[in-house]
Amino acid sequence: MSGWSQLQFELWDSDDPIPRQELLKKVKGCDGLLCVLTEKIDAEVLNAAGPNLKVLSTMSVGFDHLSLGELKKRGIRVGYTPEVLTDAVAELTIALLLATSRRLIEATHEAKTGGWGTWRTLWLCGYELADSTVGIFGLGRIGVAIAERLKPFKVKKFIYTDVAPRPELAAAIQAEYVSMDELARQSDFLAVCCALTPETQGICNKNLFSKMKNTSIFINTSRGGVVNQEDLYEALSTGQIAGAGLDVTVPEPLPTNHPLFTLKNCVILPHIASASYTTRNAMSALAANNLLAGLRGEPMPKELQL
Amino acid sequence: MHFAQPVLRVFVTRRIPQEGLELLQRAAVCTVSLWDSDEPVPRAELLKGVEGAHGLLCLLSDRIDAEVLDAAGPNLKVISTMSVGFDHLAIDEIKKRSIRVGYTPDVLTDATAELTVALLLATARRLPEGIQEVKSGGWSSWKPLWLCGYGLSGSTVGVIGLGRIGLAVARRLKPFGVKRLLYSGRQPKPQAQEVDGEYVPLDSLLCESDFVVVSCALSPETQGLCDKAFFTKMKTTAVFINTSRGAVVNQEDLYEALTAGQIAAAGLDVTTPEPLPTDHPLLALKNCVVLPHIGSATYSTRGIMAKLTANNLLAGLTGEAMPSELKL
C-alpha cells in the first residue's frame with residue numbers, strides 16, 4: 001500500500017483479532033476498512049465509523065460476517081477475495097476428505113502410542129474413492145475445483161444439489177443435478193461447499209444424516225453454521241454415517257471439551273482451508289487492491305455485488 | 001477303480017479376509033492349515049507349519065528364506081504372497097527350487113496411490129499439527145499466517161520410480177495445478193507421456209522438486225538411496241514422501257535433514273523397522289508424519305488382494321496359469 005502519499009492507515013498490528021471496543025474506536029472517521037472474517041461488520045460498527053466510510057474490503061471469500069443490508073443502505077462498496085483461494089481450499093478439502101476416509105489421524109496416533117504391531121490384513125482399513133459416488137452440496141467455484149481434483153481417483157459418479165441447477169458448472173465436471181434427499185442417499189462422499197445464508201443455516205441436520213449411507217463420509221469446509229453439530233454427533237456416534245471431517249465449526253474455536261472431539265471418526269481442523277503461503281499473500285494483495293480501488297472510486301479487481 | 005488323489009497341503013500364515021479363505025476352502029483342492037490369528041505366525045510355528053506343504057500363502061511380515069524352504073521340503077511348489085512387494089522372499093533360493101510365486105500387483109495400485117496422495121496432502125498442509133492445536137487449546141481464532149503450508153498449485157513434483165503406483169500418484173496430483181512432473185529411474189517410460197512426465201537425472205529431480213515422492217521397489221540399488229547427500233540437494237521448502245519400503249531411506253539422515261531445516265517436512269508410510277519404536281526421534285518431530293504402513297488398507301482392496309492371493313495359490317497347486325505370477 002506504499003506510494004499513496006495521502007493515505008494514512010492504521011493497523012491493528014497483531015496476529016490476534018482486534019477487541020470489539022478497539023474496533024469501534026479505531027473506525028471513527030475512516031474512509032476505508034480492511035477486515036478479516038473474525039470481525040462482525042454490522043450497524044454498530046458502521047455507525048461508529050460514520051459517513052466517511054466508502055469501502056469495506058474483507059480478506060475472505062465468505063461474507064457472512066458482513067451486514068450486507070446495512071452496507072448497501074449506506075452506499076458502501078465491498079471488496080472480497082474469490083478465486084485466489086479456490087485452489088488452496090479445494091486442496092485442503094480433499095486433504096481433509098482423505099484424512100477422514102483413510103483414517104490418517106487414528107493411524108498417526110497408533111504409530112505414536114504403540115498401537116502399531118506388524119502388518120495386519122484388516123487393521124485401519126478405510127473407504128476408497130475408486131468406484132464411489134461423490135456428492136457436492138452447493139456447486140460453485142470451490143465445488144467444481146474439488147470435483148476436478150477427485151476425478152483421477154476413479155470416482156464413478158459426481159452428483160450435486162443446489163437452489164437451482166448450474167448447467168455450465170456441472171458440465172465441466174459431468175455432474176448430475178439431484179434433490180437433497182437423493183444427494184444424501186447416493187453419496188459415498190458428501191462435500192458441503194455452499195455459502196452460509198438464512199436458507200442454509202443448519203441445513204445439514206438429522207434429516208440429511210438419517211438418509212445417508214452408513215459407509216459414507218461427510219466433509220464440511222464451508223461455514224460451521226451450515227451443520228447442526230448435535231445432529232452430527234448423533235449420526236457419528238450411532239454409526240449412521242462412517243466419518244466426518246470439518247474445517248469449520250460453531251463456534252470457532254470449538255471448545256476443547258466439545259463432544260465431537262471424543263469421536264475417533266470425526267476429524268476437526270482449525271479453519272485452515274486457505275492457509276498456504278502463496279494463497280494468503282495473494283488474498284492480502286487482492287484485499288489491499290480492492291481497498292485502494294474503492295478509495296479512488298475505481299473498479300475493484302473483485303467487488304461483491306450487493 | 002479309483003486311485004485316491006494325493007492330498008495337497010497348504011499352510012496359510014495369517015487369518016486373511018474371508019473372501020480369500022472361502023475360495024481356498026470351496027475349491028476343495030487342498031487341505032488348509034491356517035495360523036488363525038490377526039498377529040504374525042511366530043518363526044518356530046512357521047517352520048513347523050510348512051513341513052510337507054505343497055503351497056504356502058504368506059504376508060510381507062513372513063521372511064521366506066532358505067531355512068523356511070528347507071523346513072518345507074521338496075513338496076513345496078508354490079508361494080503366494082498377499083502383497084506386491086516381494087523383498088521378504090529369498091528369490092534366488094525359491095528359483096533354485098523351481099517354486100512358483102504369486103503376488104498382487106495392480107489390485108492395490110489405486111488404494112496405495114490414494115494413500116500416498118493423502119499422506120502428501122496431510123504433510124504439506126500440516127493436518128496432524130492442526131488437529132493437535134485444536135485438541136490442546138492452541139486454536140484461538142482465524143489468523144492470516146497460522147499453520148500455513150505448501151500448496152501443489154504451480155509446483156514441481158518429482159516421482160522416484162514411475163511404475164504402476166508412481167504413475168497412479170502422478171495422475172492424481174496433476175489436477176491440483178502441478179506445473180511440472182519430473183521422474184527418475186533406470187530408463188524413461190512411454191506411459192509418462194500421459195502425465196507430461198519429464199525423465200531427468202535424480203540430482204535434477206532433487207534440486208527442482210517442491211514435492212519428492214519415492215515410489216520405487218526396494219532392491220540392492222535403492223537400499224539407503226535417500227541419505228544425507230540426497231536430502232542436501234533438496235529445496236528447504238520441499239516435502240519428502242515415502243510409501244515404498246522403509247529401507248530406501250536412511251532414517252538418521254532424514255532426522256538430521258528435518259531438524260536442520262534442510263527440507264520442510266516428510267511423510268512416511270513405511271519405516272525401518274516396522275513397527276517403528278514409539279521412542280524413535282522421527283515420531284517426535286512436528287514436521288514428520290508417520291503412518292503405520294496402511295498403503296493398501298481399504299476394505300475393498302484387502303478383500304480383492306485376498307481373493308487374488310488365493311487364486312494364485314490354487315493355480316500354482318494345480319499347475320495352471322496364475323492370474324499374477326512373479327517372473328523369477
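**Entry 1: two phenylalanines**

Are Phe209(A) and Phe218(A) buried or exposed? I looked them up, and Phe209(A) is buried, as is Phe218(A). I note here that I am working with a predicted model.

**Entry 2: aromatic pairs**

I went on to the rings. Over all chains, the structure holds 10 aromatic pairs. One of them joins Phe209(A) and Phe218(A): the ring centres are 5.2 Å apart and the planes stand at 90°, so I noted the pair as edge-to-face. For my own orientation, I kept in mind that a pair of aromatic rings is described by the distance of the centres and the angle of the planes.

I then turned to chain B, where Phe230(B) and Phe231(B) form an aromatic pair. Their centres are 5.3 Å apart with 80° between the planes, and this pair is edge-to-face. I checked the cover on both residues. Phe230(B) has 3% relative accessibility and counts as buried, because the cut-off for buried is under 20%. Phe231(B) is buried too, with a relative accessible area of 0%. I also found that Phe230(B), Phe231(B) and Phe240(B) form one aromatic cluster.

**Entry 3: chain A as a whole**

Next I stepped back to look at chain A. I found 11 helices and 10 strands in it. The radius of gyration of chain A is 21 Å, close to the 19 Å that the globule rule gives for 306 residues, so I wrote chain A down as being as compact as a globular protein of that length. Along the principal axes, the C-alpha atoms of chain A fill a box of roughly 70 × 45 × 35 Å.

How much of chain A is made up of buried residues? The share is 54% of the 306 residues. For contacts in chain A between residues at least 6 apart in sequence, I noted that 62% join residues at least 24 apart. Chain A exposes about 13100 Å², with 51% of that supplied by carbon and sulfur atoms. I looked up the charges as well: chain A has 30 positive and 33 negative ones, and their mean positions are 1 Å apart.

**Entry 4: chain B as a whole**

I repeated the look-up for chain B, which has 11 helices and 12 strands. Its radius of gyration is 22 Å, close to the 20 Å from the globule rule for 328 residues, so chain B is as compact as a globular protein of that length. Buried residues account for 55% of the 328 residues in chain B. The accessible surface of chain B comes to about 13400 Å², and 53% of it belongs to carbon and sulfur atoms. I counted 32 positive and 35 negative side chains in chain B, with the centres of the two sets 3 Å apart.

Most residues other than glycine have a negative phi, and most peptide bonds are trans.

Which residues does a cis peptide bond with omega of about -10° join? They are Thr272(B) and Pro273(B). I placed Pro273(B) in the loop between β11 (265–268) and β12 (288–290) of chain B. Another cis peptide bond joins Glu274(B) and Pro275(B), with omega about 0°. Pro275(B) is also in the loop between β11 and β12.

Glu83(A) sits in the loop between β3 (77–79) and α4 (86–101), and it is partly exposed, at 43% relative accessible area. His271(A) has a positive phi near 55°. I found His271(A) in the loop between β10 (266–268) and α11 (277–296); it is buried, with a relative accessible area of 10%.

How values were computed. Residues are numbered from 1 along each chain as its sequence is written. Chains are lettered from A and ligands numbered from 1 in the order in which they are written. Side-chain values use heavy atoms; hydrogens and water are left out. Helices (H or I, at least four residues) and strands (E, at least two) are DSSP runs, numbered from the N terminus. The radius of gyration is taken over C-alpha atoms; the globule rule is 2.2 Å times the number of residues to the power 0.38. Buried means under 20% relative accessible area, exposed over 50%, partly exposed in between (1.4 Å probe, protein chains only). Accessible areas come from the Shrake-Rupley method with a 1.4 Å probe; for residues, only the protein chains shown count as cover. Lys and Arg count as positive and Asp and Glu as negative; His and the chain ends are not counted. The place of a charge is taken as NZ of Lys, CZ of Arg, CG of Asp or CD of Glu. Rings of Phe, Tyr and Trp (its six-membered ring) pair if their centres lie within 6.5 Å; planes under 30 degrees apart count as stacked, over 60 as edge-to-face and the rest as tilted. Contact means heavy atoms within 4.5 Å.
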